[in-house]
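Colleague: I have a new structure to go through. Can we take it step by step?

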Amino acid sequence: MILLVPLDPVHDVGLKMIKRALEEAGHKTVLLPPDMTPSEIIARAEKIRPSHMLVSRTLGYQAEEVLARLADLADAAGIREQTRMIIGGMAVRPELAQELGFDAGFGPGTSPSEVVAFIEGRPAPSAECAHQRAKKDLTAGYTYRFKDESVGRLAEQLADELLIWADERTSPAVERAELRYAALMEGRSVGTDYLALCDEVVRAAYLTGTPPKKTRHLTVDEQRHLGMLGERQYVASRPRSHPAPVLFVQYGTGCPFMDVAHIKAAVAWGADGVVHFDPSWGARTEGLLEGWLTHEEDGSVITPENLRAIRQALEPWVLWQVRAHRGLNTPETVVLAGHAGADLTKINIAYGSLGGGTDPERLAVDGVAAMRWAAKFSMPFDIVTNEELSGVPAGKAFASMLVMAALAKKVGARPILQPLFCNSPEVMIGGYMSDNYVDFNVAKVQVLRDILDAPVWPGAPVGFLTQTEDRVQSSLMTGLHACLAGFLRADAVTIASSDEAYSGGPITAAARTDTLTAVLAAARFFGSCVITPTAEAERFKRLIYSQICDALTAAQKAPSFVQALYDGVFGSRDDGAHPGRNGRGTVRVK
Amino acid sequence: MTLSHALSRVVDAIDIETFLLCGSAEEARKIALSMLLGLGFSDADVVSVEMNGPGARVRARTYVHRPGARYGWLGGADGGDVA
């Protein structure tokens, strides 16, 4: 028998919820009326002889004295030997419960099932949940079949042509990736043949031990601490009461220590996966470094040691993505990521060429090689279309994305479509979201779903360019965008922190927890409700679809896919896309 | 616990968020920064400020540990092994 005591003049809702849960679990309960005195309660307990007495009381207004008196009277009556006394309510903490003479205390946010578990002597459901969480395969169940045959035919033809073209060529990055893989397999550092393919700053770092500016080697003591920090695994994570897409957060503070601290906080606050951000100069520099390196500015340096440290710090069920998409080290980054145990990477020839600063010819060669490495490591990758942020219309970006998806399928890789879920320049200029932030985003996801049976992972991050420096507004926007993605049955979303619009310093751990809190609260609010877009969404779908068809048709008429990139078929200078120049002239025919 | 020990537990930054009665966003910015400087924090910035009606909602920030620094929370004489 369990005695439920609402020692509060008005608030007994929580106890009634617990009563229902207990009875559903087969327990017998007695709920006392509210506002009984401690003496009256103990008198009832002496008659009932319950195994547990659950007391609910909001602290304050002399509540602590009342509770302490209740515990004292229970002692005096001799009922503590068979009755465990538990208190719950706002502001209750376990240590406070102990001070007041109770056996346990539950604070705000406690679910009825946690109380039932406690009474039955089982682990709390949230802890069980954390133990049982399994990594989700975002690509499971997708066939990669083009549902739209005409678009599929064009995309497949362009992919075939690009594959043949790329297989006849190589680049310093393609060769470095092979050398890096051999070195990793043999457990050694790279050799002089590798260094011959690197920029001077990288070569100097290997030969003299001097890291690039604004980076330094971690001390031996720091390395030891990093290992200890990483080994600490946290069981309990914030329970998710309602389904939401797989939640990714980005990290890349520059420092592996800070990254691990942020990752631990984010995962505890509900993140399912994390995305590694490297420094922007890493994309412009030929060659990757080795060693335990920390960086004073944004972006955490990709080295075998740094990646291993991050990997070690991740709870087993946390998905880990290392981006490889935009620079001069794309295939080698995939090799390092795959070898370090990353679950996902990121590759897109068009984005890296048109919005990432890398020469299209170079990234076409590197991108194909990177996809082959991703297939070798069985590592799915997203095809991010951030060139939209430069002003490229969504349809043009999607056209190249679909060619990349077709290409990935041909080399045995598993791509994930990553449309931007934001207020892009195209949208702002066209006034597409003057009424709401829903219609255009819905149209984008639905168009892709109509064309290809593939996973969709809106990003990156969702809500980009809708967030302000105000953390409440920023978190709310993130939460709503994540829920919109959930309504569209997106497989995952990448969310920003509430520092998204702040550029004056590094993102803080607290800012990461802000948006995670917002997403989970919004998911709780919407539950399985449906968000209905306006009729404009259908108009946007037609617009995007026609852009896709036009771009693919134009690309087919171009001399090659790469030439189509230079010619602006997938995003022109007028749109805001400029073919990158990094690595130009470095491709050679085999 | 000493102040320095307490600060060693800060992962990265401290934000002070409040509503200031003032005449402009610029005034709010200056007040917020002077508040942090007065508390002894030199690495101060204003993350957000919005002026409406009688005053401004402002959030000021000071970084206790920036990436790449040596963190108090990693342990040592003052910080203790808290990480």
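Modeller: Start with a definition: two strands pair if DSSP finds at least two bridges between them. Keep in mind that this is a predicted model.

Colleague: Which residue is the bridge partner of Ala13(B) in β3(B)?
Modeller: β1(B) and β3(B), residues 55-63, pair in the antiparallel sense over nine bridges. β1 of chain B covers 13-21. In β3(B), the bridge partner of Ala13(B) is Tyr63(B).

Colleague: In what order do the three strands of the open sheet in chain B lie?
Modeller: The edge strands are β1 (13-21) and β2 (44-52) of chain B, each pairing on one side only. The pairing in the sheet is antiparallel. The order is β1-β3-β2.

Colleague: At about what angle does helix α2 of chain B run to β2(B)?
Modeller: Find α2 at residues 25-38 of chain B. This helix lies across β1, β2 and β3 of chain B. Its angle to β2(B) is about 145 degrees.

Colleague: What separates the centres of domain 1 and domain 2 of chain A?
Modeller: Domain 1 spans 2-122, and domain 2 spans 219-549. Take their centres over C-alpha atoms. The separation is 46 Å.

Colleague: How many residues lining the largest pocket are charged?
Modeller: The pocket holds about 1,000 Å³ of space. Its lining has 42 residues, with Asp298(A) and Glu500(A) among those nearest its centre. The lining includes 17 nonpolar and 14 polar residues. The charged ones number eleven.

Definitions and conventions. Residues numbered from 1 in each chain as written. Chains lettered and ligands numbered in written order. Predicted model: local features only at pLDDT ≥ 70, side-chain atom pairs only at ≥ 80, totals over all residues. Heavy atoms only, no water. Domains from an automatic or database assignment. 1 Å grid on protein atoms, 1.4 Å probe; cavity = no way out; pocket = protein on both sides within 12 Å on 5 of 7 lines; lining within 4 Å. Points joined across faces, edges and corners; volume = space filled by probe spheres on them. Nonpolar A, V, L, I, M, F, W, Y, C, P; charged D, E, K, R; others polar. Helix = DSSP H or I, 4+ residues; strand = E, 2+ residues; numbered from the N terminus. Contact = heavy atoms within 4.5 Å. Axes fitted to C-alpha atoms, helices over the stretch in contact; angles between N-to-C directions.
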